[in-house]
Amino acid sequence: MPIEPSATIRPISEDEFHLIDHEIMAAVFRMHKELGRFCDEKIYQNELAYRCQELGLGEVATEVPIRVSYKDFQKLYYIDLLVDSRIIYELKTVEAITGQHRKQALNYLLLMGMHHGKLVNMRPQSVQYNFVSTRLTPEKRYKFAIDDLQWKDLDQDSIWLKDLMANLLSEWGAFLDTNLFFDAINHFHGGEERVVKRIEVIKDSRVLGA
């Protein structure tokens with residue numbers, strides 16, 4: 001399987017999500033008040049998992065792996081918290097939640113074939129949180145068209161790259177984190193040491209740097 005979640009997911013509606021999330025966020029606020037805002041992310045992760053189990057919310061797993069592979073390439077992602085095989089929580093200890101954090105959570109939802117999750121940041125004085133949602137199903141992610149009308153097959157590398165991207169999209173579907181595709185390209189092109197090179201920047205015959 002090209003995408004292998006380590007847990008069997010149970011579908012949940014948005015209304016069901018918010019009912020459960022209400023209980024979990026109450027536990028988050030209590031935890032933030034009791035432990036403060038300067039603990040390590042792992043401490044909050046373990047404590048929230050314990051509190052969710054105490055609330056009787058079903059099985060709670062931490063660091064849930066997702067394996068994405070193609071031929072001899074593989075990449076592992078780890079979900080912070082999976083509650084009752086239905087809800088994803090990503091815990092952060094950063095100054096503020098950014099677009100990159102939201103993209104990460106959305107990528108996890110798409111890989112797991114889920115629709116609703118929550119980003120929670122414990123570092124601010126007041127808990128910061130974002131609801132993350134998507135209507136994309138795994139089936140919809142594989143309904144795409146490749147527009148290569150502007151692509152020029154200049155050499156073997158350009159032909160190879162186009163074919164590789166088409167194969168990766170066929171295996172994994174669209175809308176996933178672009179870094180996954182970059183990592184695969186690096187791997188199949190011999191590793192980062194062969195792909196990434198320093199290039200001199202020259203202006204008026206002066207080398208400004210690389």
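Predicted model: local features only at pLDDT ≥ 70, side-chain atom pairs only at ≥ 80, totals over all residues.
I159 sits in helix α5, which spans residues 156–172.

Me: How many helices and strands has the chain?
Reply: Helices (H or I, at least four residues) and strands (E, at least two) are DSSP runs, numbered from the N terminus. The chain has 7 helices and 8 strands.

Me: Is I159 buried, partly exposed or exposed?
Reply: Buried means under 20% relative accessible area, exposed over 50%, and partly exposed in between, with a 1.4 Å probe and protein chains only. I159 has a relative accessible area of 29%, so I159 is partly exposed. Of the 210 residues of the chain, 38% are buried.

Me: Where is R10, and which residues does R10 touch?
Reply: R10 lies in the loop between β1 (3–5) and α1 (14–35). A contact means heavy atoms within 4.5 Å. Leaving aside residues up to four places away in sequence, R10 touches D84, S85 and R86.

Me: What joins the side chains of R10 and D84?
Reply: A polar contact is a pair of N or O atoms within 3.5 Å; within protein, one must be able to donate a hydrogen and the other to accept it, and residues adjacent in sequence count only if both atoms are side-chain atoms. The side chains of R10 and D84 are joined by such a contact of 2.5 Å.

Key
Residues numbered from 1 in each chain as written. Heavy atoms only, no water.
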